[in-house]
Amino acid sequence: MNPAPKTAAPRAALNPLNHIPAQILCAQDYEFLARQFIAGPSYAYIAGGSEHDITAEANLRAFAEGCVQPRLLCDVRDAHTRLNLAGLDLPHPLLLAPVAFQKLVHPAGELETARAAAAMQSVLAVSTLASQPLESVASVPGVYAWFQLYFQPDRAVTLDLLQRASAAGYRAILLTLDASIQVPSFRAHRAGFVMPEHCRPENLAGYPAVTASQPATGESRIFQGVMRHAPRWDDLAWLQAQTDLPIWVKGVLHPDDAVALRERGVSGLVVSNHGGRTLDGAPASLSVLPAIRKAEGDDYPVMLDSGIRSGMDVFKAIALGADAVMIGRLQVYALAVAGALGVAHMLKLLREELEICMAMSGCANLQAVRQTRLFPSPIE
Ligand SMILES: Cc1cc2nc3c(=O)[nH]c(=O)nc-3n(C[C@H](O)[C@H](O)[C@H](O)COP(=O)(O)O)c2cc1C
């Protein structure tokens, strides 16, 4: 007879449901419930930030700081969450951030997320590293999609991705510039995470394999190795010359970069630290947002992501200067729990949570939220 095991075997991850579980009372509940639906190492990969999670945790703390001050006797019967974002009319300010490898949590991956985006009239940013081909995601009925572009070491490959996105009907390019170096997640590493075979960057299949630059003896692995192919300002100018699509830049944290990007004709910015997954020790996105808004003036399109877990977080981001927000991890957690239905439900909950904050603070529209001061106010 075998001796009894000393520890219980880890529970297998559950398959996505085709209904919304009764435990979900708010958008953030998807984060907690997702632990039952995502295998432990994969959960660590998704939830983790880079290295020690310093920035990932700072993102959450930043949202906990300011309060929304209630107002009395306000008439919000005609209130709404509509906005015009760089010419695009949207019913609410909740966009879906690019999140790679979604087949990690759902067999249909990005296709399900696209269905939810279409149902909720949200914009979906599809990652260069999506686990479904960009053409398949764009063909989901009713989806309005942007293509998230990572510069590839070979300009011909970058150009081909751009042309494929344009031909497939993507409406804008979301150029992510903060991830030239893939900083490891210690949390994912310690959990033993390895990307499974079925979860591949489908958009890059068929291009010649890239051989990593080997620095010569005495050269730096980072400066002369990894950073050799990292994009620079002239690459941005080159990209702008290749397409008529609007280009947004994601990963902005410094007001000087924000101003330089606007001056070079970039259509809008996403203030983001990649959910704490790039430079560990970078500031919380929310904490740099007021300075970036101030540098850009009131009218330039600025979004924010990193750390949003509730409608109140969305309210705070808008009060501190964002026109709209992008939702990262909550999207994957909801996808894991209940597929397209879960993602759509998560967006509905976030919107309703935002509306509660607006109603109770007397804000009849998002312009009013932009003019609200949080308590205590971090702004002069
Ligand atoms: C698992 C995972 C994969 C991601 N993949 C990408 C990607 O391919 N491209 C990109 O620009 N950002 C990527 N991000 C960052 C998100 O777009 C977004 O900036 C971040 O998740 C926002 O923080 P939040 O998760 O706290 O909402 C990824 C984030 C996660 C969690």
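Pro 376 sits in the segment after helix α14 (366-370). The bond joining Phe 375 to Pro 376 is a cis peptide, with omega at about -10°. Helices here are DSSP runs of H or I with at least four residues, strands are runs of E with at least two, and both are numbered from the N terminus.

A quick word on what you're looking at. This is a predicted model, so local features are reported at pLDDT of at least 70 and side-chain atom pairs at pLDDT 80 or more, while totals for chains, interfaces and linings use all residues. Residue numbers start from 1 along each chain as its sequence is written.

**The overall build**

The protein has 14 helices and 10 strands. Its C-alpha atoms fill a box of roughly 65 × 65 × 40 Å along the principal axes. The radius of gyration is 21 Å, which agrees with the value near 21 Å for a compact globule of 380 residues. That radius is taken over C-alpha atoms, and the globule rule is 2.2 Å times the number of residues to the power 0.38.

Of the 380 residues, 46% are buried. Buried means 20 or more other C-beta atoms within 10 Å of the residue's own, exposed means 12 or fewer, and partly exposed is in between, with C-beta atoms placed from the backbone. As for contacts with a separation of 6 or more, 72% are between residues 24 or more positions apart. Two residues are in contact if their C-beta atoms, placed from the backbone, lie within 7 Å.

**A run of parallel strands**

β4 pairs with β5 in the parallel sense over four bridges, and Ala 125 stands opposite Trp 146 in β5. For strands to count as paired, DSSP has to find at least two bridges between them.

β5 (residues 144-149) also pairs with β6, again parallel, over three bridges. Here Leu 149 stands opposite Leu 175 in β6. To get from β5 to β6, the chain passes through helix α6 (residues 155-168), in a right-handed β-α-β crossover. Right-handed means that, with the strands pointing away from the viewer, the path from the first strand over the helix to the second runs clockwise.

β6 (residues 173-176) is covered on both faces, with Ile 173 and Leu 175 buried on one side and Leu 174 and Thr 176 buried on the other. β6 also runs parallel to β7 (residues 247-252), joined by four bridges. Leu 174 has Trp 248 as its bridge partner in β7.

Ala 114 is part of helix α4 (residues 110-119). Ala 114 counts as buried because it has 28 C-beta neighbours inside 10 Å. Leaving out residues up to four places away in sequence, Ala 114 touches Leu 124, Val 137, Val 140, Val 143 and Ala 145. Ala 230, by comparison, is 116 residues from Ala 114 in sequence and 30 Å from it in space, C-alpha to C-alpha.

Phe 101 lies in the loop between β3 (94-96) and α4, and Gln 121 in the loop between α4 and β4. Each of these residues has a positive phi without being a glycine. Their values are set out here:

| Residue | Phi | Other C-beta atoms within 10 Å | Burial |
|---|---|---|---|
| Phe 101 | near 55° | 22 | buried |

**A glycine at the surface**

Gly 281 belongs to the loop between β8 (268-271) and α11 (285-296). With 12 other C-beta atoms within 10 Å, Gly 281 is exposed. Setting aside neighbours within four places in sequence, Gly 281 is in contact with Ile 54 and Thr 55. Ala 58 is 223 residues from Gly 281 in sequence, yet 8.7 Å from it in space, C-alpha to C-alpha.

**Around the ligand**

There are 22 residues around the ligand, and Ala 97, Ser 127, Gly 275, Gly 328 and Arg 329 come nearest. A residue counts as near if its C-beta atom, placed from the backbone, lies within 6 Å of the molecule. The shell divides into eight nonpolar, 10 polar and four charged residues. Ala, Val, Leu, Ile, Met, Phe, Trp, Tyr, Cys and Pro count as nonpolar, Asp, Glu, Lys and Arg as charged, and the others, Gly among them, as polar.
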